[in-house]
Amino acid sequence: GAIAQIQIAGSTNMEEGLKVGYAVAERSAGHFKGRTRLMLFTDERPNVGATGKESFMGMARAASQRGVGLTTVGVGTGFGAELATAISSVRGVVEE
């Protein structure tokens, strides 16, 4: 139902999307065995909210320390991979 409510508004608010995604991932992590990952589908053109790589790197690092990984998928014809590559390269602590 939530996915059906997503609307195109002509902007990319990657910051808010990551905040919501990480919150959902962390809430649901205890309901199954295995690793928890957030999937980010992006045109890599954030233009609303935080737009700098540093903000996203900080979010990815903090989440990785809490056990939530990140996979990025680029979409669109103007996709440039610099930001997506940087934030998806964050590695968390592996539990033994």
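Me: Two strands pair if DSSP finds at least two bridges between them. With that in mind, how do you know that strand β1 and strand β2 pair?

Reply: DSSP gives seven bridges between β1 (residues 36-42) and β2 (residues 68-74), in the parallel sense. Among the partners in β2, R37 is bridged to G69, and F41 is bridged to V73. Please note that this is a predicted model, in which local features need pLDDT of at least 70 and side-chain atom pairs count only at pLDDT 80 or more, whereas totals for chains, interfaces and linings use all residues. Residues are numbered from 1 along each chain as its sequence is written, and side-chain values use heavy atoms, with hydrogens and water left out.

Me: What makes a stretch of this protein a helix or a strand, and how many of each are there?

Reply: Both are DSSP runs, numbered from the N terminus: a helix is H or I over at least four residues, and a strand is E over at least two. The protein has three helices and two strands, and from the N terminus on they run α-β-α-β-α.

Me: Why is T12 called buried?

Reply: Buried means under 20% relative accessible area, exposed means over 50%, and partly exposed lies in between (1.4 Å probe, protein chains only). T12 has a relative accessible area of 16%, which is under 20%, so T12 is buried. This residue lies in the segment before α1 (14-28). Leaving aside neighbours within four places in sequence, T12 is in contact (heavy atoms within 4.5 Å) with D43, R45, P46, N47 and V48.

Me: Why does G76 count as exposed?

Reply: The relative accessibility of G76 is 59%, which is over 50%, so G76 is exposed. G76 lies in the loop between β2 and α3 (82-88). Its C-alpha is 8.1 Å from that of T42, although the two are 34 residues apart in sequence.

Me: How do you know that the buried residues of α2 line one face of the helix?

Reply: The buried residues of α2 are F56, M57, M59, A60, A63 and S64. Seen down the axis, they fall within an arc of 160° (the arc of the directions from the helix axis to the C-beta atoms), so they line one face. The face turned away from the buried side carries the exposed residues E54 and Q65.

Me: What puts the buried residues of α1 on the same side?

Reply: In α1, M14, E15, L18, G21, Y22 and A25 are buried. They cover an arc of only 130° around the axis, so they are on the same side of α1.
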